[in-house]
Amino acid sequence: SYQYKMEPVDFKSIVTETVEKQKDVAKDKGLTLDLQIVEGDYKMTGDATQLPQAVRNLIDNSIRYTPTGSINAQLTINNNRILFSVKDTGVGISDELKPKLFTKGGRDKDSLKININSTGFGLAFVKGVVEAHKGRVWAESPGVGKGSTFYMELPVL
């Protein structure tokens, strides 16, 4: 299994750089990708290779399941907890899918219609990384067709 290399990182620059790289991917699909950052110190202890990949997977997931509209990423910090969220106007999440979302191969029966390459591994990877950093990850959606918001919360260790 992967050995995490924990070192001082600035989560704000990780998110900023990762979102910048994804902007073209979003634009190619006709989507807007915005990032809002609340002022604060986002220095933490983490793996400089795995954290950007986890952030990227969350954004990629939203790009993939959003046929039209926008993706709004947000970064805030409160009581030594960093919260990164990605809100999209995409296909939404059914109640039956919610518990399976972050498991290996967990995906909606409809997701293959939208994206034939969907493996469902992206979110399982995110969960693994976030939990290795003593954080948590979850998703919320008002329902199918109503978009989703994915959350990644990390402690400032």
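His133 is in contact with Tyr4, Met6, Met44, Thr45, Gly46, Asp47, Leu51, Leu154, Pro155 and Leu157, leaving aside its neighbours within four places in sequence; contact means heavy atoms within 4.5 Å. The model is predicted, so local features need pLDDT of at least 70 and side-chain atom pairs count only at pLDDT 80 or more, while totals for chains, interfaces and linings use all residues. Residues are numbered from 1 along each chain as its sequence is written, and side-chain values use heavy atoms, with hydrogens and water left out.

- His133 is found in the loop between α4 and β6; helices (H or I, at least four residues) and strands (E, at least two) are DSSP runs, numbered from the N terminus.
- With a relative accessible area of 1%, His133 is buried; the term buried means under 20% relative accessible area, exposed over 50%, and partly exposed in between (1.4 Å probe, protein chains only).
- The largest nonpolar core has 35 residues, and those with the most contacts inside it are Phe11, Phe84 and Met152; such a core is a set of buried Ala, Val, Leu, Ile, Met, Phe, Trp, Tyr and Cys residues joined through side-chain atoms within 4.5 Å.
- At least two residues of this core come from each of α1 (11–28), α2 (50–64), β4 (70–78), β5 (81–88), α4 (121–132), β6 (136–140) and β7 (148–155).
- The largest share of the core, 6 residues, is supplied by α2.
- Not counting residues up to four places away in sequence, Phe11 touches Tyr42, Met44, Leu51, Val55, Leu75, Ile82, Phe84, Met152 and Leu154.

- In β7, 8 of its 8 residues are buried.
- On one side of β7 lie Ser148, Phe150, Met152 and Leu154, and on the other Thr149, Tyr151, Glu153 and Pro155, all of them buried.
- In a regular strand the side chains alternate between the two faces of the sheet.
- β5 and β7 run antiparallel and are joined by 8 bridges; two strands pair if DSSP finds at least two bridges between them.
- Leu154 in β7 stands opposite Ile82.
- β6 and β7 also run antiparallel, joined by 5 bridges, and Glu153 in β7 is the bridge partner of Arg136.

**Aromatic rings**

- The count comes to 2 aromatic pairs; rings of Phe, Tyr and Trp (its six-membered ring) pair if their centres lie within 6.5 Å, and planes under 30 degrees apart count as stacked, over 60 as edge-to-face and the rest as tilted.
- Phe102 and Phe150 form an edge-to-face pair, because their ring centres are 6.3 Å apart and their planes are at 75°.
- Trp138 and Tyr151 are stacked, because their ring centres are 4.9 Å apart and their planes are at 15°.
- Arg136 lies over the face of Trp138, at 3.9 Å from the ring centre; a charge sits over a ring if NZ of Lys or CZ of Arg is within 6 Å of the ring centre and within 35 degrees of the ring normal.

**Salt bridges**

- The count comes to 8 salt bridges, each being a side-chain nitrogen of Lys or Arg within 4 Å of a carboxyl oxygen of Asp or Glu.
- Arg56 forms a salt bridge with Asp60, the closest N and O atoms being 3.1 Å apart; Arg56 is partly exposed at 37%, whereas Asp60 is buried at 14% relative accessibility.
- Glu131 and Lys127 meet in a salt bridge (2.8 Å, N to O), and both lie in helix α4, 4 residues apart, about one turn of the helix.
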